[in-house]
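Load the model and keep the selection tool at hand.

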Amino acid sequence: RFLPTVTTPAFNPITPGPSPPNPSFSDLSSISSLTTSSRQSLLTLSDSVTLYSSHVEYSTSESSDPQTPLTPPTPPVTPAPRITHRSRMAQPNVTSFHGGDEQENENPRDFINSVQRYFMDRDPPFDDASKVNYLKLCLKDGSPSAEWFLELDDDRKDTWAAALMAFNERWPQVRAATKTKGEKQEELEKARIGEADLGKKIKVNGVETWTHVAWADRVQRLVRAIPDDGSLLVKAARDNMAPSLRALVPHTNDTWATFTKAVREVSVIELREKMKDREELESLKRRGTQPPLTPLKALASMLSKVQLGPPLPPPNFGQTKTVSTPAHTAPATPKYRTDQEKWAIIERLPPPLPSTDANRAT
């Protein structure tokens, strides 16, 4: 029922703070009046105090001087690993090189540039022998490039600079053919956009845009390549537009800057309405029916049918009228009546009137 009195020598604790108080008999005399749960809690606290006191007595007995403070051992310091921006291992992105002239989808310059980029990302870097050996491993087996490396002199394989020079001599850089100004202008004239292309979306450099906007961007690039500083070819580009798009771009945009801007700002909703109206008009023409006339056109059509008299011949100014002279023909031979015909005529005549004054007066 009672705990022994714990006596501890004076010492400096490891961590700052007040040391736990030692229990006394007067403090423990009230244990019998506590409940079971309180008694268990107090016993647990007493056990902790006893263990702590035993540890202190053991530590003190090992020291020659009881007043010497206890210092915990210092753990060894492990240096942090040095991390640099080149401590990563570069992942090669080099494909095998064939080197044949018939390989249209293969570019020698792209291949050797990818090899050198891989060398730049290496840490630690390759030495010359490793670089030359890596180039050999990137050549497709049995290809013209592999045969070239086998036939290469040994002194050109000693250093990377010599091997790179030999590669450039075997596959020199091919300069692209530049277009003349006439060819660039012809390409601009062929840049057309039809009715079937309007109102759709396409991807240009991974970005989705409308077809008429992409057409304006392409035309502007072609114009810069010519160049056309005087905007003389704006009319040709305007004629290459679909009628629905051309109707929404005012004629006042007669410079390349204003023309391409106006094309880009065309509303897709208005463009589709124009396309719909044009389709309906084309459908009426195919059926052979005339579209409904506006009031002004209907009045003009009625007035054109009104005639106040016979149509006058168009005036003939400055022209002499040529009168054709009939050719001279011989007179026809007169036809004489026969005697029977004459007697027939006489018989049809009325009888003569009697000779009187009245008849003679008439």
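This is a predicted model: local features need pLDDT of at least 70, side-chain atom pairs count only at pLDDT 80 or more; totals for chains, interfaces and linings use all residues.

**Aromatic pairs**

Across the whole structure, a search finds 17 aromatic pairs. Rings of Phe, Tyr and Trp (its six-membered ring) pair if their centres lie within 6.5 Å; planes under 30 degrees apart are stacked, over 60 edge-to-face, the rest tilted.

Select Phe119 and Phe126. Their ring centres are 5.9 Å apart and their planes stand at 70°, so this pair is edge-to-face. Phe119 is buried, at 7% relative accessible area; Phe126 is partly exposed, at 21%. Buried means under 20%, exposed over 50%, partly exposed in between (1.4 Å probe, protein chains only).

Now select Trp148 and Trp171. This pair is also edge-to-face, 5.3 Å centre to centre with 75° between the planes. Trp148 sits in helix 5 (residues 144-151), and Trp171 in the loop between helix 6 (160-170) and helix 7 (181-189). Both are buried.

Residues are numbered from 1 along each chain as its sequence is written, and side-chain values use heavy atoms, without hydrogens and water.

**Whole chain**

Zoom out. Of the 362 residues of the protein chain, 22% count as buried. Among contacts (heavy atoms within 4.5 Å) between residues at least 6 apart in sequence, 59% join residues at least 24 apart.

Note on methods: Helices (H or I, at least four residues) and strands (E, at least two) are DSSP runs, numbered from the N terminus.
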